[in-house]
Amino acid sequence: MRSDALAIQAEGLGKSYRIGRGPRATTLAERLVDVVRHPFGHGAGEGFWALRDASFEIARGQAVGIIGRNGAGKSTLLKLLSRITTPTTGWAELRGRVGSLIEVGTGFHPELTGRENVFLNGAILGMRRHEVAQRFDEIVDFAGIERFIDTPVKRYSSGMYMRLAFAVAAHLDAEILVVDEVLAVGDQEFQKKCLGKMGEVAGAGRTVLFVSHALHAVSTLTTRTLVLEAGRIAFDGSTSDGLAFYRALQAEGSGSAHAYRAPAGRSGVHLVDGRVVTSISDGLHRHGDAFALEFTLDVPEPVSQLCFSVHIQDESDRAVNHFWIYGDGPAFRNATGRFNVRIDVPKYRLVMGRYTVTVWVTDRASHTIYEHLSNLCPFEVTMEGLARPDYEWSPEYMVYAEDYTYGVTRA
Amino acid sequence: MSDAPVVRIGAGSASPLHTLREIWHYRDLFQALGTRDLRLRYRQTFLGIAWVVVQPLLAAGIFAFVFGTIARVPTDGQPYMLFALAALAGWNFFSSVLTRASTSLIQNPQLVTRVYFPRLILPLAVVPAALVDLLITLAAFAVIALAQGHGFDARLVGLPAAILLLGALALGAGFAAAALAVRYRDVQYVLPVAIQLALYASPVAYSSAAVPARWQALYYANPLAAPLELLRWSLLGTPAPAVQDLLYSVGAAVVLVLIGAAVFRGIERSFADEI
């Protein structure tokens, strides 16, 4: 690759922090004690490598996601590229004006008015005064707070505050944008607007580095992803492969919790095991694919009106779906033995998010509850790669998205 | 886009020239921070901007009472109030630049850890607000002086030179203090005491002529002495400081600014990790 087509080039970037006895002496007395105890150096403090040997090249106009678990080195890499801190080893070159958003609203002062803060924050982000002035109306319009622009921001609601803060950042005119999870703020409506703006930026040929936990946003905004793990770049490739790699990493850490097995020694009418059959991998389902639930039920004594019911619950514990199996049909009614129950959903159209399964085993005649188990078989639904503008971006926008057609005719 | 700026990130330090260019590039930030300080200073205070005048007047009044009325310190023939106020204007400028520069980093941790800009901007940006205070104090001084029938003459040319010298001395010490305060919070406690001491070691409440002849050389080792006497000379026509003492102060200011900036840049790279 010719070097002038590169926006960012990093070679062996590394950052080590002192750990052990705290970062360093913070009072003169401590320092003096240090010198007496360790006259030949900084003492027993061990180096901890927050980032190690990071080498990569990013082409002009590329949008790259950076993901990784907590402590994997994402923010260190971001801080190095933003020049907030300096590397212990290696170097990097950024060609073009760099705008970095580690946080929105840096330097906002509660006593200053919205207008004053826009100019101050713009300057802090490296904008020239005339640039801010030029975009001022656009910024205020984007934030939607015209009426309060001359009110001190301490009187703003937190939503207004965040909107104004993001609006300034969104109008930063940089060739290379380095963005940390700034989208994790604000209400749904505004988040959507911000993501839209980010997409615009990425589409406008600027180089974007996007660090986020919002995997869906990463998948929408970026084509390439770096996965960091324990301070090293563990993966560098296409975003879809990167997300799969990252999910595998996560699963490794958590063990396979996607299945349920009854504790040993369980007797009476009970659920022996249960699992979800998801379409992409264990515990990961693509919106619209075939989905199934499999259970084994042990019924040692006949129950006249045995009812088996399953709820799918979303992250806020709302039941999204109920599957009821009761009446005269099912073989487990008034019978004994082990039964396999399988529920098939040909096209399961849950909206992206995390879900769990709740199971009830009851007798509708005697109102006996044999089993009530919650938070079983956690699974995640993704909408990656599915472009449908009507349900883009936000997990809480809806819980279910169905295909539909419509007709509009003149009455 | 071959003229795009190239940012190099590495383990070494940027050249001083590069730093200067960057500070120039960020001049709007300097202005924005200066404006912020000015706006915030007297917001939500009852007397507002009047404090700028009331504060030094009160201090001068106390000096006038203690040194002028009780101790009867010689004032080179000037009314004590004017004599003290002239030097206090300069002194307050010096001490406020130094004090606020020294805390400029540790009071803005969110700026230091969240966004990049040449860090020297922070101590530099305390100057505009202090300068505005100084100008208001000088205006008050002029009103009082004129009311007492005192006139000004061409010696006023010494005024900007004195202010420039005091500002440079304050910034030099301020750069070092700001950087050291990130590492050692002791600075916050030591500095006010040092400034208090320096006040009594400088010709503010009294004239340097009052210092015995055999101590004069030692007395003028304090680089603040000459510019403060220069200030009083330009405003009140008191005896001028010796040229060699002034040149010494100029040299001290240059050295102090260079050393302060060097200390600052030496620690600068680890600010975000240590603050």
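Reader: In the hairpin of β17(A) and β18(A), which residue takes a positive phi, and how many residues lie between the strands?

Author: Before the answer, a word on the source: this is a predicted model, in which local features need pLDDT of at least 70 and side-chain atom pairs count only at pLDDT 80 or more, while totals for chains, interfaces and linings use all residues. Residues are numbered from 1 along each chain as its sequence is written, chains are lettered from A and ligands numbered from 1 in the order in which they are written, and side-chain values use heavy atoms, with hydrogens and water left out. Helices (H or I, at least four residues) and strands (E, at least two) are DSSP runs, numbered from the N terminus. In this hairpin there are four residues between the strands, and H367(A) takes the positive phi, near 55°.

Reader: How many bridges join β17(A) to β18(A), and what is the bridge partner of W360(A) in β18(A)?

Author: Two strands pair if DSSP finds at least two bridges between them. Here β17(A) and β18 (residues 368-382) of chain A run antiparallel and are joined by nine bridges, with H372(A) as the partner of W360(A). Strand β17(A) is also joined, again in the antiparallel sense, to β14 (residues 306-313) of chain A by eight bridges, and in that pairing V310(A) has V359(A) as its partner.

Reader: Why is β17(A) described as largely enclosed by the rest of the structure?

Author: Burial is read from relative accessible area: buried means under 20%, exposed over 50%, and partly exposed in between (1.4 Å probe, protein chains only). Nine of the 11 residues of β17 (residues 353-363) are buried, so the strand is largely enclosed by the rest of the structure. As background, chain A has eight helices and 18 strands, and buried residues make up 49% of its 411 residues.

Reader: Which residue forms a salt bridge with E380(A), and how far apart are the N and O atoms?

Author: A salt bridge is a side-chain nitrogen of Lys or Arg within 4 Å of a carboxyl oxygen of Asp or Glu. The side chain of E380(A) meets that of R354(A) at 3.7 Å, N to O; this pair links distant parts of the chain, since E380(A) is in β18 and R354(A) in β17 of chain A, 26 residues apart. E380(A) counts as buried at 16% relative accessibility, whereas R354(A) is partly exposed at 45%. Elsewhere, salt bridges that share partners join R275(A), E294(A), R342(A) and D344(A) into one network. E294(A) lies in β13 (residues 291-299) and R342(A) in β16 (residues 337-345) of chain A, so the pair ties together parts that are 48 residues apart in sequence.

Reader: How should I read the interface, and what area is buried between chain B and chain A?

Author: The size of an interface is often given as the accessible area lost when the parts come together. Buried area here is the accessible area (1.4 Å probe) that two parts lose on being put together, summed over both. For chain B and chain A it is about 3,900 Å², of which carbon and sulfur atoms give 56%. On the side of chain B, V7(B), I9(B) and R114(B) lose the most area to chain A, together 18% of what that side buries. In terms of contact, which means heavy atoms within 4.5 Å, 39 residues of chain B meet 48 residues of chain A.

Reader: Which strand of chain A pairs with β1(B), and how many salt bridges does the rule find across the interface?

Author: Strand β4 (residues 89-95) of chain A pairs with β1(B) in the antiparallel sense over four bridges, and V7(B) is the bridge partner of L94(A). The rule finds five salt bridges across the interface. K15(A) and D273(B) meet in a salt bridge at 2.7 Å, N to O, and E116(A) forms one with R39(B), with the closest N and O atoms 3.0 Å apart. The latter pair crosses between chains, from helix α3 (residues 114-124) of chain A to helix α2 of chain B. E116(A) is buried, with a relative accessible area of 14%, while R39(B) counts as partly exposed at 37%.
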